[in-house]
Amino acid sequence: MQGLLSGTRYSKPIGIHEIGLPFTKDYYIPFFRAMRGEATLTATGSAQEGLMPTLHFFPQARLHFLDLQRGMWLGGGFARTFDGEEWRTTLLGDFGGWLRHGTTVVAVTAHPQQLQNGDLMSDLDATVDHTLGAVSLSGIVGWRTGQAERVDIGWVSVGATFAINRRLLATASIGNYPADLLQRLPGARFFSLSVRLPSRSAFPRRDDRAAASIQPVSASDGVILRIANTDSARTARVVRVRAPASERVEIMADFTEWQPVTLVRTPEGFWETTLPVGRGQHRLNVRLDGGDWLVPTNVARVTDEFGGVVGLVLVR
């Protein structure tokens, strides 16, 4: 048996120009708009018949440099591990970057490590995530090098996430993973099937077409988003946001190439626009009056692997 418990805390994003240091000028960091910190604490353990249990504690800190279409991070930490015989200390680094193009995200990471006995090794891996209609596909390729008295080793896995119904998502994946040298656990081939349970209604309901009949309410009632079909085209959909107290409403999403799009106010107090939105899962954020990017209250909130909080919707 294996178990894992992990918690992460992100700082509020800080604009590069808000720092006020000379090295934060455009000509020094031309590709990023904001910075944010991340602190993570992970605890894992395992129990095997006939063997002592293992424990692994890993506090880690990261600094992220972010933009709408790209990002990078650097960080590190130390691990305290009980491998069934004794406690060991390991120093670990964490460096990586990602690039987004439409519904495709490519990320590359490096994890250099120094074991307690002084051995050095590094885990290198690349991840590709792509949304194809109603299915999200992912692939991972990795390589470990630098182990003392061990041959280099690689691993690969592929997976797909798809909707079971309007509230449930399933993920199926297959591949292999390397040995955990810290807990002395073997590597193996695997097949897994998991189900994601949302904490609220994450996807459009049958009454979406009735959204136009909703009367304007105060801003304290929250920002409501609806995506409805149009009669003119199969992929054209009306994106409607209820925020009557706002003077300006913008949306950015994977279907806008993560570029801000300004919505138009209607006489009923809604903000809306027509965009080409295909079927499947989509991630998005909205912004009111030039403030922070936020997630509508009726949309599921997810934290992606780059530290950003976005809304997740399923369009049918």
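Modeller: Start with the largest nonpolar core, which has 20 residues. This is a predicted model. Inside that core, the residues with the most contacts are Leu225, Ile227, Val239, Val241, Ile251, Phe255 and Leu284. Strands supply it. Those giving two or more residues are E13 (224–229), E14 (236–242), E15 (249–253), E18 (270–276), E19 (280–288) and E22 (309–315). E15 gives the most, with three residues.

Now take valine 241, one of the residues with the most contacts in this core. Leaving aside residues up to four places away in sequence, valine 241 touches Val223, Ile224, Leu225, Val249, Leu263, Phe270, Trp271 and Val286. There is also a second, separate core, of seven residues. Leu68, Leu169, Val302 and Val310 are among them.

Next, the surface. A nonpolar patch there is formed by Val158, Phe162, Ile164, Ile174, Phe191, Leu193, Val195 and Leu197. Together they have about 820 Å² of accessible area. Two strands give two or more residues to the patch: E10 (153–163) and E12 (188–196). E12 gives the most, with three residues.

Valine 158 is a patch residue to check by eye. Look for it in strand E10. Its relative accessibility is 47%, so valine 158 counts as partly exposed. Buried would require under 20%, and exposed over 50%.

Key:
Residues are numbered from 1 along each chain as its sequence is written. This is a predicted model: local features need pLDDT of at least 70, side-chain atom pairs count only at pLDDT 80 or more; totals for chains, interfaces and linings use all residues. Side-chain values use heavy atoms; hydrogens and water are left out. A nonpolar core is a set of buried Ala, Val, Leu, Ile, Met, Phe, Trp, Tyr and Cys residues joined through side-chain atoms within 4.5 Å. Buried means under 20% relative accessible area, exposed over 50%, partly exposed in between (1.4 Å probe, protein chains only). Helices (H or I, at least four residues) and strands (E, at least two) are DSSP runs, numbered from the N terminus. Contact means heavy atoms within 4.5 Å. Patches are made of residues with over 30% relative accessible area and no salt bridge: like charges are joined within 9 Å, nonpolar side chains (Val, Leu, Ile, Met, Phe, Trp, Tyr) within 5 Å. Accessible areas come from the Shrake-Rupley method with a 1.4 Å probe; for residues, only the protein chains shown count as cover. A salt bridge is a side-chain nitrogen of Lys or Arg within 4 Å of a carboxyl oxygen of Asp or Glu.
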